[in-house]
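Open the model in your viewer and keep the sequence panel beside it. The tour moves from the cross-links to the charged pairs, then out to the whole chain.

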Amino acid sequence: MTCLLLLTLFFLIHPIYTVFTYNATDDMALLFETTDYCDSQCRFNASEVSLDTINLWPVDCTDVCAILKFTSSSNNIPYEKLKSTFLNLKAIIGVFRVENTTMTNLSFFENLTFMYNINKNVLSISNNPKLTDVSVLFTMGNSHLNYPVQFMNNPKLDVSPLCVRKNFFDFNRLYIVNNMKDCGCTVTIINYANVVNFKNCTSIFGPIEFSNATDPSKLSALSNVRNITGPISIKNTNFQNLSFFSKVERMKGDDSAVNLDIHNNPNMTRLGLDSLLLLHSGDAWFRVNIQGVHPDFCLTIEEMQVFTTFNTKYVKLEANYCNITTRKDGQKTCVFESMSALADDCVHIMGNVAVSTGDEEYTRKLSIVTNIYGSLSITNTTLKNLEFLGNLTNVAVLNDTSPAILLDSNSDLSDIFLLSMRFPYTPGPNAVVVQNNDANIFLSPYQCENYQNSVGAYVLYNGKGCDWVLSDGDYTEIDTGGAPGISEKTATRNCGVYWILICALLFFVNI
């Protein structure tokens, strides 16, 4: 009975011993069908590198489209032949895999610097018993960040440099296990009996699930964890907080439906991620779900600041703000009462900030404010622009469906550009509402859409979405190719109305 009880209490970290299956013929067909980057003279048309196929390699090309795969059939190729064949190769357009070989190193790729993984297929270095050096891959640049990377079952290979090199910093699907030295701790199952084995882990890779656990004190061995890569699910526990992860600084999600899923934990009153600095999920949203917690559950302003700084979406966020106005960084936090009573040196404001008739002379007090933990409404003023909000990076409403930002009935307000604003949040349907102001704020739906992209949130403009344009007093609908709102990828680019072209140029330069 005791053993059965313990089994019902343990929590799991799901296995990540995933061996991806793929078909080289299908990969190659897809590669050549979906890209315009493959010069017909610079293609490798074989499914693997062997003595029979290596002479098909286009040796004069620097950029080659290929499913570049080394297998046991590659073992008898002389090293000098490999070196001369790949001497000019600088970029692979396609897929790279080394599996089931007796190779000791990949130094024959002395000039390889870039991987353009068009179809986001698997980069795999697996089951190579003699492989000791793949350093060329640790410094290689990558075009995509959301394809799986697996280094598995290479008993003589130290993969730890992969964890710290900036080339793979943003990858969210790293499957690294059973090498001589892995990238952090990758595990199968953790329970109360073996959790002590992870006391020295600073990084954990793999989907984590805490389920039906009742004694968080036994999880103190996880208190050294700084980085978590993979989705986290915490459900059906009696945890009051996640203090055993109080030193976690970075969470990297993947393309899962939810990256941080906290539900059905009725005793949880605090999050307890006191050191969290960064949320990341490749080129997608970092999705958060917090529901079924204690009615008094609250987030500190530092925790909410992290949530709102990055590209975060919420399935549900059942929370209030904790009644704490002191910060570790010493930045001044003020509780809003009125504009006239507001101090001049507030950096953070808790409460619903209301700027209305007669408050124009006090707007200078908002010039250094970076975050408002509540709503911002500007109504019935004579303001012409919002330059005084140049440092405001986020407005976040909790437990209220009102707009995060409301600009209403300011007849002279024609410039609503918010230089630093990104991802304002409200549980309600409209994050930003702009209505009854100067008629020339948006002269076309494209200006409105650019503004949406700059703030990273849907804008309700005079009761309509940005796919409607005001012309001679009438609304005319245009086809935007989808429902109102902003795309996930577009929302990540914080480019203002006046800077959208510059940001676009910089984006393409950085590709």
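A disulfide here is a pair of cysteine sulfur atoms within 2.5 Å. By that test, the whole structure holds four disulfides.

Some ground rules before you select anything. This is a predicted model, in which local features need pLDDT of at least 70 and side-chain atom pairs count only at pLDDT 80 or more, while totals for chains, interfaces and linings use all residues. Residues are numbered from 1 along each chain as its sequence is written, and side-chain values use heavy atoms, with hydrogens and water left out.

**Stop 1: Cys42 and Cys61**

Select Cys42 and Cys61. They form a disulfide, with the sulfur atoms 2.1 Å apart. The pair links distant parts of the chain, 19 residues apart. Cys42 and Cys61 both sit in the loop between α2 (24–34) and β2 (63–70). Helices (H or I, at least four residues) and strands (E, at least two) are DSSP runs, numbered from the N terminus. Now look along the S-S bond. The angle about it is -75°, and the link of Cys42 and Cys61 is left-handed. Are these two cysteines buried or exposed? Both Cys42 and Cys61 are buried. Buried means under 20% relative accessible area, exposed over 50%, and partly exposed in between (1.4 Å probe, protein chains only).

**Stop 2: Cys298 and Cys322**

Move on to Cys298 and Cys322. Their sulfur atoms lie 2.1 Å apart in a disulfide. Which hand does this one have? The torsion about the S-S bond of Cys298 and Cys322 is about 90°, so the disulfide is right-handed. Again the pair links distant parts of the chain, here 24 residues apart. Cys298 is in strand β18 (residues 298–299). Cys322 is in the loop between β20 (320–321) and β21 (333–335). Cys298 has a relative accessible area of 12%, so it is buried. Cys322 counts as buried because its relative accessibility is 2%.

**Stop 3: Cys448 and Cys466**

Next, select Cys448 and Cys466. A disulfide joins them, S to S 1.8 Å. The torsion about the S-S bond of Cys448 and Cys466 is about -60°, so this disulfide is left-handed. Cys448 belongs to helix α7 (residues 445–455). Cys466 lies in the loop between β29 (459–461) and β30 (468–471). The two are 18 residues apart, and the pair links distant parts of the chain. Both Cys448 and Cys466 are buried.

**Stop 4: salt bridges**

Switch to charged side chains. A salt bridge is a side-chain nitrogen of Lys or Arg within 4 Å of a carboxyl oxygen of Asp or Glu. How many does the whole structure have? The search finds five salt bridges.

Start with Glu209 and Lys235. Glu209 forms a salt bridge with Lys235, the closest N and O atoms being 3.6 Å apart. Glu209 is in strand β11 (residues 208–211), and Lys235 is in strand β13 (residues 232–235). This pair links distant parts of the chain, 26 residues apart. Glu209 counts as buried because its relative accessibility is 16%. Lys235 has a relative accessible area of 23%, so it is partly exposed.

Go to Asp329 and Arg327. Their side chains meet in a salt bridge, 2.9 Å from N to O. Asp329 is partly exposed, with a relative accessible area of 46%. Arg327, at 10% relative accessibility, counts as buried.

Then take Asp344 and Arg364. Their side chains meet in a salt bridge, 3.3 Å from N to O. Asp344 lies in the loop between β21 and β22 (348–350). Arg364 lies in the loop between β23 (353–355) and β24 (371–373), 20 residues from Asp344. Asp344 counts as partly exposed, at 48% relative accessibility.

**Stop 5: the whole chain**

Zoom out. The protein has nine helices and 31 strands. Buried residues make up 50% of its 511 residues.

Finally, colour by pLDDT, the predictor's confidence in each residue, from 0 to 100. The protein averages 82, and 81% of the residues score at least 70. Over residues 1–19 the pLDDT is below 50. Select residues 469–511 as well: pLDDT stays under 50 there.

Key: Contact means heavy atoms within 4.5 Å.
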